[in-house]
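Dear colleague,

I am passing on to you the structure we spoke about, with the sequence alongside. Please look it over first, and then read the notes below.

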Amino acid sequence: MAYIPIVSLYTILVVLSLFAAVGVGVWLWGNFLDRNEHDPARIRAVMFLMLSVTTVWELGIHAAGLTRGYTAWVSLFVASWGGLDALLRFPAAHDLESPFSIKQFALLMVKTMAYAIGMEGFRAHFAVFLTLCAYTWSLPVLYSMALPLDPSEQVLLNDANDVDLAVRVWRLMVNSHERRSCYMSCRGWCYKSLAEASETSGLVRYALCAASPEHRSFYTKKVRSV
């Protein structure tokens, strides 16, 4: 098997491209934050999308045979206990010495090490490893940029929700009141999202009215009042 050097012209081009992509991404993200500075729900939704896309991409890399099996589980674990937990607690701010920050840093290190030793043919796929590292460590930077500058906005509507995801899961398992509260919150979010979508899409409005007598009655009264 031919020797494949890690440092090559191709690797240098990949590194330069990553620097350029990260720079452009930070610039675009900054512009988006400027336009939605006081809309944490929308910012959180976009970060959810970014987390989902990167996680699917990582699973795709595993499916292509570029990484060993355990890296996919590490990726899902870090995305859940790390990224998802952070987004559920956004825009609450945490000190660098807090358990939250220490946990996030530790998870990023675990994920980086997992890919470093879990790449199939590390030299041949070194560019893929660099790409993984680039966005793995860029996402926390984008998260930090999204935190409000005003300390009064760096809080959740309900401080009781600023708890670790593992604690939330445990409470759902052992507390029926927590399960009921979670169900009602999810139901309310779904209804709100569907109602907003129905305002801009006739197809969604038709499907919603067909499935829900309450919404059908509401829109019928609304049309009559107009």
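**What was found**

The structure holds six salt bridges, a salt bridge being a side-chain nitrogen of Lys or Arg within 4 Å of a carboxyl oxygen of Asp or Glu. Before the details, please keep in mind that this is a predicted model, in which local features need pLDDT of at least 70 and side-chain atom pairs count only at pLDDT 80 or more, while totals for chains, interfaces and linings use all residues. Residues are numbered from 1 along each chain as its sequence is written, and side-chain values use heavy atoms, with hydrogens and water left out.

**The overall picture**

The protein has nine helices and zero strands, where helices (H or I, at least four residues) and strands (E, at least two) are DSSP runs numbered from the N terminus. Of its 226 residues, 30% count as buried; buried means under 20% relative accessible area, exposed over 50%, and partly exposed in between, with a 1.4 Å probe and protein chains only. Among contacts between residues at least 6 apart in sequence, 66% join residues at least 24 apart, a contact being heavy atoms within 4.5 Å.

**The salt bridges**

The side chains of Glu58 and Lys111 meet in a salt bridge at 2.6 Å, N to O, and this pair links distant parts of the chain, with Glu58 in helix α2 and Lys111 in helix α4, 53 residues apart. Both Glu58 and Lys111 are buried.

Asp85, Arg89, Lys103 and Asp164 are linked in a network of salt bridges.

**Helices and a loop**

Helix α2 (residues 40–63) and helix α3 (residues 69–88) pack at an angle of about 175°, with their axes 10 Å apart; axes are lines fitted to C-alpha atoms, for helices over the stretch in contact, and angles run from 0 to 180 degrees between N-to-C directions. That makes α2 roughly antiparallel to α3, a term used for angles over 145 degrees, whereas those under 35 count as roughly parallel, 65 to 115 as roughly perpendicular and the rest as oblique. Among the residues that meet are Phe48, Leu51 and Glu58 in α2, and Leu76, Ala79 and Leu84 in α3.

Gln104 lies in helix α4 (residues 99–118) and counts as buried, at 16% relative accessibility. Leaving aside residues up to four places away in sequence, Gln104 touches Trp81, Gly82, Gly83, Asp85 and Ala86.

In the loop between α3 and α4 you will find Pro91, and the peptide bond from Phe90 to Pro91 is cis, with omega near 10°.
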